[in-house]
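This briefing is for a reader who is new to the structure shown below. It begins with one loop and then moves through other parts of the chain.

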Amino acid sequence: MSQWRIGDVTITKIVEQEVSGGSRSLLPRGTPDWLAPHLLEGDACLRLSIHSFIVETPAKRIIVDTCLGNDKQHRPVGYWNHRQGRFLADLAAAGFPAQSIDTVVNTHLHIDHVGWNTVLRDGAWVPTFPQARYLISGSEFEYWRDNATREDSREMLADSVAPVVEAGLADLVQTDHRICDEVTLVPTPGHTPGHLSVRIVSCGQEALITGDFMHHPCQVAHPGFELTSDSDPPRGTRTRWEMFDRLADRAVLVLITHFAGATAGRIVRDGDFYRFET
Ligand SMILES: [Zn+2]
């Protein structure tokens, strides 16, 4: 189990899946010499991780992103359907039973970030974390409500977002919302319109949970490497330049949502570009 300490705050990674899951077409400019051998399997797949971060402050117990979930259907990747994984058991075994979570943060409304918002019980989708407020960016919610043209997006809203809204557990927040003394949301648009990251500051130490404004270490050296699933690729590139610039100036621990293996590190300047140091 990977765990980090930022002042009075503890951050724990709970992995749902670490596989060669992303098609290389996701990152068309990430050439094999950048990716092999650790981050590319065969020549078709990126190695990506899907995990949640649990952020424990003196007052809050927050889960950031909720992975794929079990029993979901109509997902675009075959093995994301009808999953029967042990994520909730792993969460409980790590000391975080679902009942104990008081805040859920979805960095954005993509299928691999909202799945465990809900579980299937007696044929109905119900909130997994009944004691929690679910924080969703208002602009992100409105975007998907009005633009979910693909079947998988409509299914995602229906099975993983609408049930928490209908249960009265969702708070549509600004992307710079403050959760508690130590934890604040940070707008990082581009991958999706209302995308957000999570900043943790305690006792002079700082960490940032990125969400998906970056997916792969090659984007640190090449902020212009866009992901085909970015909703606004130029905005995504600008966000990376702006964030790397800010992160490189301070000793911020950067916790990344899809890096396989090395999840945590620091962004350092390397001439006009940047490097990710673990
Ligand atoms: Zn993602």
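Cys-203 sits in the loop between β12 (196-202) and β13 (205-209), where strands (E, at least two residues) and helices (H or I, at least four) are DSSP runs numbered from the N terminus. The model is a predicted one, in which local features need pLDDT of at least 70, side-chain atom pairs count only at pLDDT 80 or more, and totals for chains, interfaces and linings use all residues. Residues are numbered from 1 along each chain as its sequence is written, and side-chain values use heavy atoms, with hydrogens and water left out.

**Cys-203 and the cysteines**

- Cys-203 is exposed, at a relative accessible area of 59%; exposed means over 50%, buried means under 20%, and partly exposed lies in between (1.4 Å probe, protein chains only).
- The phi of Cys-203 is near 50 degrees, which is a positive value in a residue other than glycine.
- Most residues other than glycine have a negative phi.
- Cys-67, in turn, counts as buried because its relative accessibility is 0%.
- The number of disulfides is 0, a disulfide being a pair of cysteine sulfur atoms within 2.5 Å.

- With a relative accessible area of 36%, His-74 is partly exposed.

**The chain as a whole**

- The protein chain has 7 helices and 16 strands.
- Of its 278 residues, 54% are buried.
- Among contacts (heavy atoms within 4.5 Å) with a separation of 6 or more, 65% are between residues 24 or more positions apart.

**Strand β12**

- Arg-199 is a residue of strand β12.
- Not counting residues up to four places away in sequence, Arg-199 touches Glu-182, Val-183, Thr-184, Val-186, Glu-206, Ala-207, Leu-208, Arg-246 and Arg-250.
- Arg-199 and Val-254 are 55 residues apart in sequence, and their C-alpha atoms are 9.5 Å apart in space.

**Helices α4 and α5**

- The axes of α4 and helix α5 (residues 151-166) come within 11 Å and cross at roughly 135 degrees; the axes are lines fitted to C-alpha atoms, for helices over the stretch in contact, and angles run from 0 to 180 degrees between N-to-C directions.
- The two helices, α4 and α5, are therefore oblique to each other, the class left over once angles under 35 degrees count as roughly parallel, over 145 as roughly antiparallel and 65 to 115 as roughly perpendicular.
- In this pair, Phe-141, Trp-144 and Arg-145 of α4 meet Ser-153, Leu-157, Val-161 and Val-165 of α5.
- By class, this contact has 5 nonpolar, 1 polar and 1 charged residues; Ala, Val, Leu, Ile, Met, Phe, Trp, Tyr, Cys and Pro count as nonpolar, Asp, Glu, Lys and Arg as charged, and the others, Gly among them, as polar.
- Phe-141 belongs to helix α4 (residues 138-147) and is buried, with a relative accessible area of 17%.
- Phe-141 and Leu-157 lie 16 residues apart in sequence and 9.3 Å apart in space, C-alpha to C-alpha.
- Neighbours within four places in sequence aside, Phe-141 is in contact with Leu-109, Ile-136, Val-161, Val-165 and Leu-172.

**Val-164 and Asn-117**

- Val-164 is part of helix α5 and is buried, with a relative accessible area of 0%.
- Beyond four places in sequence, the contacts of Val-164 are Asn-117, Thr-118, Pro-127, Tyr-134, Leu-169 and Ala-170.
- Between Val-164 and Arg-133 there is a C-alpha to C-alpha distance of 9.0 Å, with 31 residues of separation in sequence.
- Asn-117 is found in the loop between α3 (111-114) and β7 (118-121), and its relative accessible area of 0% makes it buried.
- Leaving aside neighbours within four places in sequence, Asn-117 has contacts that include Thr-66, Val-104, Asn-106, Ser-160 and Val-164.
- Asn-117 and Cys-67 are 50 residues apart along the chain, and 8.7 Å separates their C-alpha atoms.
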